[in-house]
Amino acid sequence: MIPHTVTSAGIDTVSGHPPNRWESAVNWLPGIALVGTITIVAIELGKVGWLQANGISALTLAIALGMVVGNTLYPRIAAASSSGVTFSKQTLLRAGIILYGLRLTFQDIANVGLAGVAIDACVLSSTFTLSWWAGTRVLGLDRRTAMLIGAGSSICGAAAVMAAEPVVRGQAAQVAVAVSTVVVFGTLAIFLYPALYHLSEHFQVLSMSSRTYGIFTGSTVHEVAQVVAAGRAVSDTAANAAVITKMVRVMMLAPFLVILSAYLSRYPDRSEKISSDNTQSARRIVIPWFALGFVAVAALNSLVVLPKTAVGAAVDFDTVILAMAMAALGVTTHVSAIRTAGFKPLALAALLFAWLVLGGAAINAGVNALFV
């Protein structure tokens, strides 16, 4: 019996026709089972106290474990699993970003005030612009890699990288490189930020209260989990201010993606060869509907009409499907591709990290002075 496989164009190799929905669902099962297993392991490992204390989340573990599987077991089962892995990496990712809106409300903006919103906006725009310029002009990286690293550093880490991927049309290796830089420097921030706070307090270098430190942390550290870890290392007040500021920064993901999509539609990458037949389609704005869904869900959550138990369950489910998307990304990433990327992405991420610490501190001080 000849096994049914589906080509990249969606054609069944036996029938010669696109598979129907039932056949597609059946084709997804092996790949979904694979990434689901990786996700379960990542979530359980994420409960380990030491990993939680160091801000290493289930999402980070999922992509790491996925890469291990992708470079060992997966090549042998890729033919049967690729459809489900692709479904997880694309469809589940978009669903996960939409449900991510349940983690914040519009009231969060009021809690940090106009100063907090202005700080987040300045940090986001300056960091992404620096990444784009330095990545392409100074380090000679391709535009997609520079934008993905910039998105991860300026907004919300791995989740922002994954959300920006369909807009910039990044490849799996480019996404994995960007996520890796977030993990490296975000983890470093967990230890550096509290140390800087205590040094500043001891030598009276900066007049920084716990709340001010929290806003600085939330506006400049990469991942939500890393923000929580760095905030709690100082005080509960710092952690609360950091998380709220970070959630406002996360909310800026949606307008950022819409603006980026509009720009890229008008100014496509010159390195991409575009034929006369598809030039017009390449200039169309790719509307990231999932980003708009993210805002809609956040708006619904702001109305406080959803039961807390339902929201909690949905957030847990969102963690699972985002981890599945991360696992799928890791599975499709080859270590050789990351090795080929070389030193430049790491250098760009280091530059951005230095800017987030130094430039971010200057932005925080300047904006706070204006709003006093």
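This is a predicted model: local features need pLDDT of at least 70, side-chain atom pairs count only at pLDDT 80 or more; totals for chains, interfaces and linings use all residues.
**Pockets, a cavity and packed helices**

The largest pocket is lined by 24 residues, and those lying nearest its centre are Ser 57, Ala 58, Arg 103, Val 224 and Ala 225. Four helices each supply at least two residues of its lining: α2 (49-53), α3 (58-70), α10 (224-232) and α15 (308-331). The largest share comes from α10, which gives 5 residues to the lining. Sorted by class, the residues of the pocket lining divide into 14 nonpolar, 5 polar and 5 charged.

Two of the helices that supply the pocket lining, α3 and α15, also pack against each other. Two packed helices are described by the angle between their axes and the distance between the axes. For α3 and α15 the angle is about 30° and the axes are 7 Å apart. The crossing in which α3 passes α15 is right-handed. On the α3 side, the contact is made by Leu 59, Ala 62, Ile 63, Gly 66, Met 67 and Gly 70. On the α15 side, Thr 319, Leu 322, Ala 323, Met 326, Ala 327, Leu 329, Gly 330 and Val 331 take part. By class, this contact has 10 nonpolar, 4 polar and no charged residues.

A second pair, helix α7 (residues 158-168) and helix α8 (residues 172-203), has axes that come within 9 Å and cross at roughly 160°. Angles over 145 degrees count as roughly antiparallel, and α7 and α8 are therefore roughly antiparallel to each other. Here too the handedness can be given: α7 passes α8 in a right-handed crossing. Ala 158, Val 161, Met 162 and Glu 165 of α7 make the contact with Val 175, Ala 178, Val 179 and Val 182 of α8. The classes for this contact are 7 nonpolar, no polar and 1 charged residues.

Arg 249, Val 250 and Met 251 in α11 meet Leu 253, Ala 254 and Pro 255 in α12. This contact of α11 with α12 has 5 nonpolar, no polar and 1 charged residues.

By class, the lining of the largest cavity has 7 nonpolar, no polar and no charged residues, whereas the lining of the largest pocket includes 5 polar and 5 charged residues beside its 14 nonpolar ones.

Terms used
Residues are numbered from 1 along each chain as its sequence is written. Side-chain values use heavy atoms; hydrogens and water are left out. Axes are lines fitted to C-alpha atoms, for helices over the stretch in contact, and angles run from 0 to 180 degrees between N-to-C directions. Angles under 35 degrees count as roughly parallel, over 145 as roughly antiparallel, 65 to 115 as roughly perpendicular and the rest as oblique. A crossing is left-handed if the near helix is turned anticlockwise from the far one by less than a right angle, and right-handed if clockwise. Contact means heavy atoms within 4.5 Å. Ala, Val, Leu, Ile, Met, Phe, Trp, Tyr, Cys and Pro count as nonpolar, Asp, Glu, Lys and Arg as charged, and the others, Gly among them, as polar. On a 1 Å grid over the protein atoms alone, a cavity is a set of points where a 1.4 Å probe fits but cannot get out, and a pocket is an open set with protein on both sides within 12 Å along at least five of seven lines; lining residues have an atom within 4 Å of a point.
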